[in-house]
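Subject: A structure for you to look at

Hello,

I am handing over the structure below, with some notes on what turned up in it. Please have a look at it first, and then read on.

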Amino acid sequence: MSRHGFELKTNEQIILMRQAGLATAAGLDAIRKLIAPGITTLELDKAADDAIRAHGGHSNFQLVEGYKHTICASVNDEVVHGIPGSRVLQPGDIVSVDCGAEIGEWNGDSAVTFIVAGGDPEVVAKRQLLSDITEQSLWVGIAALAKAEHLNEVGRAIEAYVESQEIEHRSKFGILEDYVGHGIGRSMHEDPPVYNYGIRDKGPKVVPGLCVAIEPMITNGSAKTKILADGWTVSAKDGSDASHWEHSVAVHHKGIWVLTEPDGGLAKLAQFGVTPVALS
Ligand code: MG
Ligand code: MG
């Protein structure tokens, strides 16, 4: 246990978490191959479930009380917690898919935003930019974790990057504050919270064994949210488009390892001069 009361993982435990991370990545990869106009979000859910099972895992979203699905699929102004169903995806839709797997008692959690092929080029370009900025903000946060003394440096780095993009693109981007990242391990959601913006508190020290899910959620407008009548789906209050990207990341004695990215984060972290290190 850390001084802050959450479990620090051993190298052996992190290696087990990598298996859950790869099963999670397989679930998202199955969706990447399938997503197209005309498919329903429930069909995507089934594909992710099959892929996770083929990797020897099972959905940890189904362990959340009252939730029956393997993914959350949040379309357009929906940000997170969208329930898969009969909704048919349309050309140009922006779809944030959140997915998680458990193997043994260890968990993975990751999210990707997809833009469905086709659609109005102007709308699609704006959505692609939002997704690209959200994805890059995730990697900025992961790179910050690699160098951080305290955890809340991650949120400061994410916020500073998003602000720089507001200036560059003369656009408003809203970082959600109602929902944040979290520790991960024996449960999908553990302490400590991982903010996507700067707060006064420094947060816990970044030490070997810290495992967190970093997950920026960003809109093309206001960060304010509302929950839809289904009781789950979180959508942008002002109707803006939204994007969500997430990875589960381990800190260990040799560096960091992005557990839900098949290459461990090697390709995406190179731009920051950060080399992730796999444990074996
Ligand atoms: Mg997630
Ligand atoms: Mg999460």
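A word on burial before anything else: a residue is called buried under 20% relative accessible area, exposed over 50% and partly exposed in between, with a 1.4 Å probe and protein chains only. By that scale Y195, at 23% relative accessibility, is partly exposed.

This is a predicted model, so local features need pLDDT of at least 70 and side-chain atom pairs count only at pLDDT 80 or more, while totals for chains, interfaces and linings use all residues. Residues are numbered from 1 along each chain as its sequence is written, chains are lettered from A and ligands numbered from 1 in the order in which they are written, and side-chain values use heavy atoms, with hydrogens and water left out.

Donors here are N, O and S atoms within 2.8 Å of the metal (3.2 Å for Na, K and Ca); water is not among the atoms, so sites may look incomplete. Helices (H or I, at least four residues) and strands (E, at least two) are DSSP runs, numbered from the N terminus.

The magnesium ion (ligand 1) is held by D98 (OD), D98 (OD), D109 (OD) and E246 (OE), at 2.0 to 2.5 Å. Along the sequence, its donor residues have the spacing D-x10-D-x136-E. Distant parts of the chain are linked here: D98 sits in strand β4 (residues 94–103) and E246 in the loop between β13 and β14, 148 residues apart. D98 is buried, at 8% relative accessibility.

How far apart are the magnesium ion (ligand 1) and the magnesium ion (ligand 2)? They are 3.1 Å apart, and D109 coordinates both.

**Aromatic pairs**

Rings of Phe, Tyr and Trp (its six-membered ring) pair if their centres lie within 6.5 Å; planes under 30 degrees apart count as stacked, over 60 as edge-to-face and the rest as tilted. The structure holds three such pairs. One of them joins F61 and Y67 edge-to-face, 6.5 Å centre to centre with 70° between the planes. Both F61 and Y67 are buried, and together with W232 they form one aromatic cluster. Y195 and Y197 also pair edge-to-face, 5.7 Å centre to centre and with 65° between the planes. Y197 is buried, with a relative accessible area of 10%.

**A residue in a loop**

N220 lies in the loop between β10 and β11 (225–227). Is N220 buried or exposed? N220 is buried, with a relative accessible area of 17%. Contact means heavy atoms within 4.5 Å. Not counting residues up to four places away in sequence, N220 touches K126, L130, K172, F173, S240 and D241.

Best wishes
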